[in-house]
Amino acid sequence: MFDFDFNPEEKQLTCTFKGRMDTVVCSQLMAELDSKYISLSENEDQDALLEFGIVFDLKEVNFISSSFIRLCMGAKKRVKDGRFSIVNSDPFIKKTFKIAGLDDILNVI
Amino acid sequence: MADNITERANDILERAVFAAAEFQEFNQEQTNTVVEAVYRAALNARIKLAKMAVEETGIGIWEDKVWKNVIGTQLVYENIKDEKTVGIISRDAITGITEIAQPLGPIFAVTPVTNPTSTAIYKILICLKTRNPIIISSHRNAVRSTGEAARICYEAALAAGAPEDCIQMIPAGSRDFTQTVMAHPRVALILATGGTGLVKAAYSSGNPAIGVGPGNVPVFIDESADIPYAISSIIRSKTFDNGTVCASEQSVIVEEKIAENVRKEFERQHCHFLTPEETLKVEKIAVVKDSMSMSPFIVGQSVDTIAEKAGISVPKGTKILLAELSGVGKEHLLSVEILAPILAFYTAKDYHSAIKLCIDLNYLGGIGHSAGIYANNEQRVMEFSQLINAGRIVVNTPTSQGAVGGTYNMLPPSLTLGCGTGGKNITTENITVKHLINIQRVCNRKMNDRFFNVDKDKYLDENCDETDLRYEYHKNH
């Protein structure tokens, strides 16, 4: 459903998603992402965690539901402002974030 | 003072209402006679009014203002002259519905400094064609030329039998007074063309309004486009009246693979790419940083004047200044709407990045307005069009002239372009006579047999579900 990659040097998490991010998929994703994050954060203190970078790569995503937007917002809140970004969105998905008014906040590239 | 303002507003509206009362007695023929007379007089005055407007406002090029006056008079007239706008305008024997056009009443029209006389004439023509008196409020820097346009139209209208006070102009200068008239309960509709503040004031007045605000027109040149043709078309549009049309190109977006060719073609056709230092200098004089809006001092100015103000030197005969930008928004001031021959130029690494950039530009103050694409690939044209929020997407066409309609395509010629709900408008259409009438529908009795043939007890029966009711509704009786 998604690939999870952590670069310890840059303290950057990259999640690469695939396919349709509909409500059902997102409810499973949410749990998986949470558990990954918890396992990763066991050895870090709270301040260090805020410095992490989180990147969602949507290269192979062709649909996002409102649950996925919520999921992005949740992930964004885990880190400092500007440390979350969404990359490789196709123009239709970019427009979806634009219409939701979250294009800037979620740093959609 | 306040009373004085109210009294003056009451006086203007009383005159307008009396004119409206008389006007609604006109038949189509009498109305057409008035419109034709006004069109003739205004078209004959096209050159004088164009020169006056440039002289008074210091904006634009008189020859291009003549063109605009022609659009506002001849093209608008040719487009509306045969329209039915009085009494019964359609009758459908099959549906039994007859449509009757009624005038709205006094229309309060605000006209801009960039296209003063053409907008005034166009609004006068569409108001008179729909038997609505018009009250014009001109931008304070264009009062004389707008007033002259209104006077010429008014005299012609009176001579053709139009009601007294069917065209009035309110003195400019007092914001309070303008707003009092705008919010007057006897105003039927506000037709506002101008800046964001004005449009907001129109919508806040409590009266119905068609307010058309700013644009920020992105133009995408696809790899399938004919590049020399595209560049010459963009130049024709962006230099037209020194870029004062709100539908003029604001940024050009290309993919990396054709960027060099596009750049060379712009240079070959006498456009100048600003160096980063020059870009900073132009930014300073062209955009007000705090409000992220264009400076009024460069609106409709020539390249030479802009270069002089910015303190840069450009080759003689330069048509457009291009600034290569890497992003959109506060850090890139030239990405905002600038009604002058200054264009932002973006290179994107691939097609998708280019389109995403267009979306960003589109949302930076230009939602719902216009956009352009140069491509010979129908699929890309359609994809671009579905992604961009614009009332008009013009294809392989100069956007200034294309969006206004009547010349490069069959859009209704208009100097007020609806921007849809994104631009806080009720329509994305080019505003014309059909927006200035109340259409009454006389509905003759035509029974819906399917509904009346359903056994009504079935609707009251809990055991009948949608499947049963659908069967009952659609079965042949």
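Colleague: In this predicted model, how many residues does helix 2 of chain B have, and what does it reach from its first C-alpha to its last?
Modeller: Helix 2 of chain B runs over residues 28-44. At 1.5 Å a residue the expected reach is 24 Å, and the helix comes close to that. The values are 17 residues and 24 Å.

Colleague: Which elements are included in what covers the buried residues of helix 2 of chain B?
Modeller: The buried residues of this helix are Thr31(B), Asn32(B), Val34(B), Val35(B), Ala37(B), Val38(B), Tyr39(B), Ala41(B) and Ala42(B). Their cover includes, from chain B, helix 4 (62-80), helix 5 (116-129) and helix 6.

Colleague: Are helix 3 and helix 6 of chain B roughly parallel or antiparallel to each other?
Modeller: The axes of helix 3 (residues 46-57) and helix 6 (residues 143-159) of chain B come within 8 Å and cross at roughly 160 degrees. Angles over 145 degrees count as roughly antiparallel. The two helices of chain B are therefore roughly antiparallel.

Colleague: How do the residues of the contact of helix 3 with helix 6 of chain B divide?
Modeller: From helix 3 of chain B come Leu49(B), Met52(B), Ala53(B) and Glu56(B). They meet Arg144(B), Ser145(B), Glu148(B) and Ala149(B) in helix 6 of chain B. By class, the contact has four nonpolar, one polar and three charged residues.

Colleague: Which helix gives the largest share of the side of chain B that touches chain A?
Modeller: Six residues of chain B are in contact with six residues of chain A. The chain B side has four nonpolar, one polar and one charged residues. Its largest share, five residues, comes from residues 351-363 of chain B, helix 13.

How values were computed
Residues numbered from 1 in each chain as written. Chains lettered and ligands numbered in written order. Predicted model: local features only at pLDDT ≥ 70, side-chain atom pairs only at ≥ 80, totals over all residues. Axes fitted to C-alpha atoms, helices over the stretch in contact; angles between N-to-C directions. Helix = DSSP H or I, 4+ residues; strand = E, 2+ residues; numbered from the N terminus. Parallel < 35°, antiparallel > 145°, perpendicular 65-115°, else oblique. Contact = placed C-beta atoms within 7 Å. Nonpolar A, V, L, I, M, F, W, Y, C, P; charged D, E, K, R; others polar. Expected span 1.5 Å × (residues − 1). Buried ≥ 20, exposed ≤ 12 C-beta atoms within 10 Å, placed from the backbone.
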